[in-house]
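Here's a quick briefing to read with the model open beside you. Have a look at the fold, then work through the notes by topic.

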Amino acid sequence: MNAGRSRNPRSRRSGVVAAVAGAVVLTTLTAPPAQAAPTGLVVSNVVVNNGKPIVVGTKEEKEPPVTFQVSLPPGLSTSKPSAYTAKPFLYRGAKLPKVPDNDSLRVGMYTCYPVSDRKERCEGTLFIDPPYDLASNGDATTWKVGLTLRLWKPDGRLKAEEYKKAPGSVQLKRWAKATVDASPEPVKKGKKLTVTGKLTRADWVKHTYTGVAGSAKLQFRKKGSSAYTTLKTVKSNSAGALKTTVTASVDGYWRWTYHGSSTTGPATSTADFVDVR
């Protein structure tokens with residue numbers, strides 16, 4: 001049943017919604033139920049994290065927003081929210097699990113606001129705890145979306161239950177970091193300046209950040225300017241180390257920018273100022 005209780009069922013209600021992460025807008029569910037107990041509930045217009053990918057670190061809890069709509073079948077009314085629940089969840093693999101298991105992502109709170117007698121607009125935040133929910137770096141992949149739909153009897157017993165596949169998919173990514181160091185400081189005009197750095201990303205097995213091979217852009221911003229210019233692209237080694245040399249000409253700020261990949265989020269280092277004399 002609903003975990004929360006509405007103060008005014010005609011204005012809003014609260015409940016527990018399963019975790020749905022990633023950039024996706026889902027249309028009305030049309031797939032056949034996994035169990036032959038149709039509820040008649042229809043979920044549509046699901047928007048997760050404002051349409052952006054969910055990028056997760058090693059320890060920081062993530063609470064991306066989610067919104068969706070629930071349409072009720074004849075006989076149900078938004079004035080009696082305890083009679084039904086609709087809970088999205090994420091799963092991996094080709095088959096929809098009969099019951100969301102430990103490999104599914106399904107946590108978070110939501111509040112539903114009735115817009116008519118048989119329709120609600122729901123919004124809330126999802127919850128992902130990396131050490132608990134993510135046990136493999138392989139979790140940085142495309143997840144599919146499922147839905148748990150339930151009808152409840154007045155005495156609190158289950159009346160009907162079904163699991164449906166939702167169209168669309170969700171991408172989960174590993175958080176990345178970048179560092180920079182330009183030396184020597186200060187440097188004489190016309191001399192060589194060595195710019196180093198490191199790219200790392202979240203390791204959900206070791207619960208720390210480890211090096212990642214990838215391409216990063218070396219960018220420079222002249223003192224007094226607000227815009228960065230990309231000077232070159234450099235590939236990091238397997239440990240994530242970056243290194244290149246440039247000719248010093250004017251005072252300014254140096255940084256590395258990494259645009260990420262299908263499994264890793266983007267990263268930009270803080271700027272390192274170099275005084276050219």
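**Aromatic pairs and the strands around them**

Searching the whole structure turns up four aromatic pairs; rings of Phe, Tyr and Trp (its six-membered ring) pair if their centres lie within 6.5 Å, with planes under 30 degrees apart called stacked, over 60 edge-to-face and the rest tilted. This is a predicted model, so bear in mind that local features need pLDDT of at least 70 and side-chain atom pairs count only at pLDDT 80 or more, while totals for chains, interfaces and linings use all residues. Residues are numbered from 1 along each chain as its sequence is written, and side-chain values use heavy atoms, with hydrogens and water left out.

**Two of the ring pairs**

- Phe68 and Tyr110 make an edge-to-face pair, because their ring centres are 5.6 Å apart and their planes sit at 75 degrees.
- Phe68 is in strand S5 (residues 65-71) and Tyr110 in strand S7 (residues 108-116), so this pair ties together parts that are 42 residues apart in sequence; strands (E, at least two residues) are DSSP runs, numbered from the N terminus.
- Both Phe68 and Tyr110 are buried, where buried means under 20% relative accessible area, exposed over 50% and partly exposed in between (1.4 Å probe, protein chains only).
- Tyr253 and Phe273 form a tilted pair, because their ring centres are 4.9 Å apart and their planes are at 55 degrees.
- With Tyr253 in strand S17 and Phe273 in strand S19, the pair ties together parts that are 20 residues apart in sequence.
- Tyr253 counts as partly exposed at 25% relative accessibility, and Phe273 counts as partly exposed too, at 28%.

**Strand S17 and its partners**

- How many of the seven residues of strand S17 (residues 252-258) are buried? Five are, so the strand is largely enclosed by the rest of the structure.
- S17 runs antiparallel to strand S14 (residues 215-222), and seven bridges join them; two strands pair if DSSP finds at least two bridges between them.

**Ser269, between S18 and S19**

- Ser269 sits in the loop between S18 and S19 and is buried, with a relative accessible area of 6%.
- A polar atom of the Ser269 side chain lies 3.0 Å from the backbone nitrogen of Trp256. That counts as a polar contact: a pair of N or O atoms within 3.5 Å where, within protein, one must be able to donate a hydrogen and the other to accept it, and residues adjacent in sequence count only if both atoms are side-chain atoms.
- Neighbours within four places in sequence aside, Ser269 is in contact (heavy atoms within 4.5 Å) with Ala178, Thr179, Val180, Arg255 and Trp256.

**Charges over rings**

- The charged end of Arg255 sits over the ring of Tyr228, 3.7 Å from its centre; the rule here is NZ of Lys or CZ of Arg within 6 Å of the ring centre and within 35 degrees of the ring normal.
- Lys177 does likewise with Tyr209, its charged end sitting over the ring, 4.0 Å from the centre.

**Lys144 and the stretch it touches**

- Lys144 belongs to strand S9 (residues 142-152) and is partly exposed, with a relative accessible area of 36%.
- Tyr91 is 53 residues away from Lys144 along the chain, yet their C-alpha atoms are separated by 5.4 Å.
- Beyond its neighbours within four places in sequence, Lys144 touches Phe89, Leu90, Tyr91, Gly93 and Ala94.
- A polar side-chain atom of Lys144 lies 3.3 Å from the backbone oxygen of Gly93.

- Most residues other than glycine have a negative phi, and most peptide bonds are trans.
- The peptide bond from Ser183 to Pro184 is cis, with omega near 5 degrees, and the one from Glu185 to Pro186 is cis with omega near -5 degrees.
- Pro184 is in the loop between strand S11 (176-183) and strand S12 (192-203), and Pro186 is found in the loop between S11 and S12 as well.
- Asn50 has a positive phi near 55 degrees; this residue lies in the loop between strand S3 (42-48) and strand S4 (54-56) and is exposed, at 59% relative accessible area.
- His207 has a positive phi of about 60 degrees; His207 lies in the loop between S12 and strand S13 (208-211) and is partly exposed, at 34%.

Technical notes:
Helix = DSSP H or I, 4+ residues; strand = E, 2+ residues; numbered from the N terminus.
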